[in-house]
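Welcome! We will visit a few spots, one after another.

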Amino acid sequence: SIPALAQDIATSTLKTEPAGRPFAFKGDWKFDLGGGNAQEGKDTWSAGYLYFHSNLDFKLNSHMKVHLEPMARLYGGRAQERWDDDALESRAGLSDGHLTFEPVKFLELNGGILSQRIVGEPMLVSGLRVFAGAQAIAKAELRDFTGRLVLQQVVPNSYSLNTEREKQETLPWFKTQHAEIDGKHFGWLKWKAKGGLYQWSDIPSKVAFESIRQGNAGDNATVPTSRFYYGHQGWFGGGEVCYCDTSNVNFIADFSRVHNSRAPGDAADAQMFGFGPKIRWQGMELDLRYHSYFIESDATIAAYNKSRLGNTNRIGEHLEATLHFVDQHFSIYGEMYKAKPINTRDVEQRNMEQYYFGVETDYVSF
């Protein structure tokens, strides 16, 4: 999961008149060039990568548009691992691709392959995951507040051979319902909060097999018979507060939590808190952020949450530094992750360390 920096997105618009109907296009792109190193027990890898991402919007009429996010990840490096892992596999495709219908200004309906960045909780599901399904998003704006309600029902990606299942398996689902609200007050206080519900259901045996060796509790003797000990249904929430005035030093603190109501108390929770300054001087911004976190074994499905956190059954810390050259429209960043298993019952997990360094551009218009 390459870090995404929040920037103002510049776009260009081209208009044509096919068959007498208005048609509009706008788009932007960025790239990220970097490298990393990771170690977990005897498993090690070192690699360089190039990441390209683009946003494309095609407005079909006043109520409908198509949104596409073409992407490519190219890797080169060396890996030594205990089992097959596609983490360093070069690939190209869509990180989002859906049709939007907006019957009224405050409501949009989306259908297609949907980025899970919208959930905004990497301890629950990685923002790099793209699932097929549908969303409904209601939006509201007041003088000092903005908010939205997001409902989605999607099918988690998986692929199983006949030898990896005992029978025809039920279609899996990931369902979330959450609300977000943010505000700005006194000219210096910015804040946002979110909360919602989630449910994973009918997860295939192959995904269960992979998840159990990545932290979940269950029986994974063989792929066709792998089963979780507990279900995965609960709630998530969190927020962020920023002292953001016009001075050269601002301060940000954030907090998030996930709870699985189907698991026992020592396996059900994930929690993260972080803080750090954002310092501006001479056309540059330095953003420093420290996070401490834990993810108990069954807070979520291990195979689908953010792998850099170590999946589940982990306690660790994350340090990130980003230097943004505002006028030159690029950033230099570095990240460090360190984590160890919470419960050592699972011999597949070891203490892990990961490091990433790179250069990332701002989004620019076509």
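## A network of charges

Let us begin with charged side chains: E40, D43, R82, R314 and E348 are linked in a network of salt bridges. A salt bridge here is a side-chain nitrogen of Lys or Arg within 4 Å of a carboxyl oxygen of Asp or Glu. By this rule the structure has 17 salt bridges.

Follow E40 to R314, where the closest N and O atoms are 2.7 Å apart. Strands are DSSP runs of E with at least two residues, helices are runs of H or I with at least four, and both are numbered from the N terminus. R314 is buried at 2% relative accessibility, and E40 is buried at 17%. "Buried" stands for under 20% relative accessible area, "exposed" for over 50%, and "partly exposed" for what lies in between (1.4 Å probe, protein chains only).

## R82 and its partners

Which residues does R82 meet? One is E40, with the closest N and O atoms 3.7 Å apart. This pair links distant parts of the chain, 42 residues apart: R82 is in the loop between strand 4 (64-80) and strand 5 (91-104), while E40 is in strand 2 (residues 23-40).

R82 also forms a salt bridge with D43, at 2.7 Å from N to O. D43 sits in strand 3 (residues 43-59), 39 residues away from R82. D43 is buried, with a relative accessible area of 13%, whereas R82 is partly exposed at 34%.

## A disulfide

How many disulfides does a search of the whole structure find? It finds one. The pair is C242 and C244, with an S to S distance of 1.6 Å; the rule asks for two cysteine sulfur atoms within 2.5 Å. A disulfide is a covalent bond between the sulfur atoms of two cysteines.

The link of C242 and C244 is right-handed, with 80° about the S-S bond. Are its cysteines buried or exposed? C242 is buried at 7% relative accessible area, and C244 is buried too, at 16%.

## A nonpolar patch

F186, W188, Y243, F251, F255, F273 and F275 make a nonpolar patch of about 720 Å². Strand 14 (249-260) and strand 15 (269-281) are the elements that give two or more residues to this patch. Patch residues have over 30% relative accessible area and no salt bridge; nonpolar side chains (Val, Leu, Ile, Met, Phe, Trp, Tyr) are joined within 5 Å, and like charges within 9 Å. The areas come from the Shrake-Rupley method with a 1.4 Å probe, and for residues only the protein chains shown count as cover.

One member to find is F186, in the loop between strand 9 (173-185) and strand 10 (189-201). F186 is exposed, at 67% relative accessibility.

## The second largest pocket

The second largest pocket has a volume of about 400 Å³. Of its 20 lining residues, the closest to its centre are D202, I203, P204, S205 and R227. Strand 10, helix 1 (205-213) and strand 12 (227-228) each supply at least two residues of the lining.

A pocket is an open set of points on a 1 Å grid over the protein atoms alone, where a 1.4 Å probe fits, with protein on both sides within 12 Å along at least five of seven lines; lining residues have an atom within 4 Å of a point. Grid points are joined across faces, edges and corners, and the volume is the space filled by probe spheres set on the points.

## About the model

This is a predicted model, in which local features need pLDDT of at least 70 and side-chain atom pairs count only at pLDDT 80 or more, while totals for chains, interfaces and linings use all residues. Residues are numbered from 1 along each chain as its sequence is written, and side-chain values use heavy atoms, with hydrogens and water left out.
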